[in-house]
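Please keep the sequence and the structure in view while reading the points below.

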Amino acid sequence: MPSNRRSLLWPGLLISILLLAALVVFFREVHHLEEPVEPLEYRTLNKAARSPRIAARQDPAAPSPLPSISISLQLIEVPKLELASQFLRIWRVSGLNMCGALREAGIDMSEWKAASMRNRSYECYFQRIYERDEVRPLSSTFVKVRGDEMGGILDIRAKIIGPTTDAQGRLAPAVLRIFEIIVKQACWRDFEDTLASIQNLRNVEYERFGSYLSFTREASSANIFNFVLGLKATSSSQVKTKTYFSTERWLQMPAVLPRTSSTVSARKRPYEPALNDGASTRHDPGSSRNCG
């Protein structure tokens, strides 16, 4: 009898454990059915709302994708115009001062002013007719300095009709003086050699380093001479350099950045040359130190 009891104890214990487990599962299912059923759309929205939160979590150990970069002021500062003459042929005299230098030499140049009320170009000129017939001058001298309202020179032109010469056929000193002043005031010393050809009334066409001078006899008349002096950037390096120093290519420096004293003083100058056709700096037209 005792052995029979022990053999029935283990099956009974197993059945009890299975019943207990079944009761636990049953009550858990009943509790789940009693909870309110969440509509499908709400479950979808909740799942979508949880996804951005998970995506927004960043690993604190990961580096920042956009590190802060400090930009040096020298990288955005406008090029200094006073340095342009070291790399580019420029006018180193304003139109106003060129006219003043010619006037001081006794050449009756007009005042530097607008060509007309509706024209923004500026000029000064000189014309003297020594002899003429009923139709046109037979002997005259004409000079014009042409530029813009900022004082920058575009070009200088002259025409001589029936020039006065000496016994050797050389141009009269009074007329030659005009070309001497123009060339020396431009401070292009390599152009001074052309004055000898002009004095002897020989054709000369000289172009160098982005500028040109022309003194030629007209084909229609052997007694008429034309003179032109101006800027002409032809090579690619000259064009690139002129573009770099052009103030029109640079934006104004932001107000939050500190401005250097040279930048502030440059903005206060009444005459700041444009570099579209040339540039210049203010100076006394009668001083030879301006070409240094």
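Two strands are said to pair if DSSP finds at least two bridges between them. By that definition β4 and β7 pair, because 7 bridges join these antiparallel strands. The model is a predicted one.

- In general, the strands of a sheet pair through backbone hydrogen bonds, and the pairing may be parallel or antiparallel.

**Strand β7 and its partners**

- Strand β7 spans residues 224-231 and is joined by 7 bridges to β6, which spans residues 211-217 and runs antiparallel to β7.
- Together β6 and β7 form a hairpin, with 6 residues between the two strands.
- Within this part of the sheet, F215 has F227 of β7 as its bridge partner, and Y212 stands opposite G230 of β7.
- β7 is also joined to β4 by 7 bridges, and I156 stands opposite L229 of β7.
- Is β7 mostly covered or mostly uncovered? It is mostly covered, with 7 of its 8 residues buried.

- How many of the 10 residues of α3 are buried? The number is 7, and the helix is thus mostly covered.
- The buried residues of α3 are G95, N97, M98, C99, G100, A101 and L102.
- The cover over these buried residues includes β2, β3, β4 and α4.
- Just after α3, G106 adopts a positive phi of about 95°.

**Helix α3 against helix α4**

- Helix α4 (residues 173-186) packs against α3 at an angle of about 145°, and the two axes are 10 Å apart.
- The crossing of α3 and α4 is right-handed.
- On the side of α3, the contact involves M98, A101 and L102, which meet I178, I181, I182, Q185 and A186 of α4.
- The residues of this contact comprise 7 nonpolar, 1 polar and no charged.
- In general, an α-helix has 3.6 residues a turn, so residues three or four places apart point the same way.

**The disulfide**

- In general, a disulfide is a covalent bond between the sulfur atoms of two cysteines.
- A search of the whole structure finds 1 disulfide.
- The disulfide joins C99 to C124, with 1.7 Å from S to S.
- The link of C99 and C124 is left-handed, with -85° about the S-S bond.
- The pair links distant parts of the chain: C99 belongs to helix α3 and C124 to strand β2, 25 residues apart.
- Why does C99 count as buried? C99 counts as buried because its relative accessibility is 0%, and buried means under 20%.
- C124 likewise counts as buried because its relative accessibility is 0%.

Note on methods. Residues are numbered from 1 along each chain as its sequence is written. This is a predicted model: local features need pLDDT of at least 70, side-chain atom pairs count only at pLDDT 80 or more; totals for chains, interfaces and linings use all residues. Side-chain values use heavy atoms; hydrogens and water are left out. Helices (H or I, at least four residues) and strands (E, at least two) are DSSP runs, numbered from the N terminus. Axes are lines fitted to C-alpha atoms, for helices over the stretch in contact, and angles run from 0 to 180 degrees between N-to-C directions. A crossing is left-handed if the near helix is turned anticlockwise from the far one by less than a right angle, and right-handed if clockwise. Contact means heavy atoms within 4.5 Å. Ala, Val, Leu, Ile, Met, Phe, Trp, Tyr, Cys and Pro count as nonpolar, Asp, Glu, Lys and Arg as charged, and the others, Gly among them, as polar. Buried means under 20% relative accessible area, exposed over 50%, partly exposed in between (1.4 Å probe, protein chains only). A disulfide is a pair of cysteine sulfur atoms within 2.5 Å.
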